[in-house]
Amino acid sequence: MANTLAETLTDSGLIWRNGVPLRNLCHWKIGGPADYVIEPRSAEEAAAAQRIAREANVPFLVIGHGSNMLFDDAGYRGVIIKLGSRMSRCRFSGSRVRAEAGIWAPMLARACAGRGLTGLEHIVGIPGNLGGLLYMNGGSLRQSIGDAVVRVDILDGQGNIAAVSAAECDFSYRHSVFQEKKSIVLGVELELQQSTPGEVRRKMLDILRERREKFPLDLPNCGSVFSNEPRLYEAYGPPGMVIEQTGLKGARIGDAELSVRHANFIVNRGRASSADVFALIRHVRRKVLERTGFLLHCEVCYAAPDGRCGRLDAFL
Ligand SMILES: Cc1cc2nc3c(=O)[nH]c(=O)nc-3n(C[C@H](O)[C@H](O)[C@H](O)COP(=O)(O)OP(=O)(O)OC[C@H]3O[C@@H](n4cnc5c(N)ncnc54)[C@H](O)[C@@H]3O)c2cc1C
């Protein structure tokens, strides 16, 4: 008789749990139970997790810190592969650093500052893991993580571990090839420049101070919900300003609220559901479309219970 997935996981020696509330694995604090969560400690364990899910014919999804994810109230019928603190080593060699995908971006930025390496100050306030940051090509202050990438180690769709160059990553604004290829980012090599620890730390403190003033960091949120698009920006400004000018700041459905501090953030006022967030996003898009003729697109990703995952607006 074939083993159940739970038996296979027990035999594998991987670290796994079942029935894990996804609200505990994401910043929005929303989401029902995932059938299985695996936390690999190495590239080989990540490959084993992917292979086991494939052989069991269940969907799988890799996540980092869950800072750009909306999970569904119904949870996830498959395997979540979480690349986090168990896979977060980094090694320096001159002005280069090689880091595993699970390292928390602010920790990596601080480790670089300690060595006087400049180039990653802009990620010090972004609460995601390096793999998720790569996937999103995230960044701030008109910079993106892709600017510093030399190469990326991946697990491809066939389960092979391979290296891809920065050019092959096809980085552009909040885009990388990993959004289409569905590879798992395992580690990254970055090239930085030499400065001094004091100078790098000073820049980071300025950035953190500015972010504390601008963003509603006291309530669960997922950062910017809608992406900044050049045509909209030129005509009306960034999405937060457009939403505010549409009179929607503070609008609330259930416990999901457009932050009064920054209208491109949706905060969870307590018991927000994924349905509340969906309804609020639909409402904002309709009102902004009526006023400006522009349809807002989502930066935030959504994982459906049946295993599909992508930018949230693909599911509206
Ligand atoms: C308060 C706050 C402020 C924020 N500010 C910024 C900001 O200034 N700039 C910015 O760019 N973003 C910002 N964000 C959004 C978010 O932090 C980034 O998008 C971050 O890079 C996501 O990383 P993560 O590990 O949390 O990814 P997750 O949310 O876990 O996943 C996001 C997507 O990446 C995929 N993914 C995750 N890990 C991997 C991997 N190893 N391999 C392949 N795919 C993977 C997931 O499948 C998912 O589709 C902010 C979020 C919050 C909550």
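## Helix α2

The buried residues of α2 (buried: under 20% relative accessible area, 1.4 Å probe, protein chains only) are Ala43, Glu45, Ala46, Ala47, Ala48, Ala49, Gln50, Ile52 and Ala53. Helices are DSSP runs of H or I of at least four residues, strands runs of E of at least two, numbered from the N terminus. α2 covers residues 43-55, and its end C-alpha atoms are 18 Å apart. Just after α2, Asn57 has a positive phi of about 60°.

## Basis of the model

This is a predicted model: local features need pLDDT of at least 70, side-chain atom pairs pLDDT 80 or more, while totals for chains, interfaces and linings use all residues. Numbering runs from 1 along each chain as its sequence is written, and side-chain values use heavy atoms, without hydrogens and water.

## Ligand shell

The ligand is surrounded by 34 residues (a heavy atom within 4 Å). Val62, Gly64, Ser67, Asn68 and Gly139 are the closest. The shell divides into 16 nonpolar, 16 polar and 2 charged residues, with Gly counted as polar.

α4 (130-136) gives the largest share, 5 residues. β3 (60-63) and β11 (184-191) each supply at least two.

## Polar contacts

Polar contacts are N or O pairs within 3.5 Å. A polar side-chain atom of Ser67 lies 2.6 Å from a ligand oxygen atom. Ligand nitrogen atoms also feature: one is 2.7 Å from a polar backbone atom of Gly139, and a backbone N or O atom of Val185 lies 2.8 Å from a ligand nitrogen atom. The protein buries 95% of the 970 Å² that the ligand exposes alone (Shrake-Rupley method, 1.4 Å probe).

Technical notes: The expected span of a helix is 1.5 Å times one less than its number of residues. Buried means under 20% relative accessible area, exposed over 50%, partly exposed in between (1.4 Å probe, protein chains only). A polar contact is a pair of N or O atoms within 3.5 Å; within protein, one must be able to donate a hydrogen and the other to accept it, and residues adjacent in sequence count only if both atoms are side-chain atoms.
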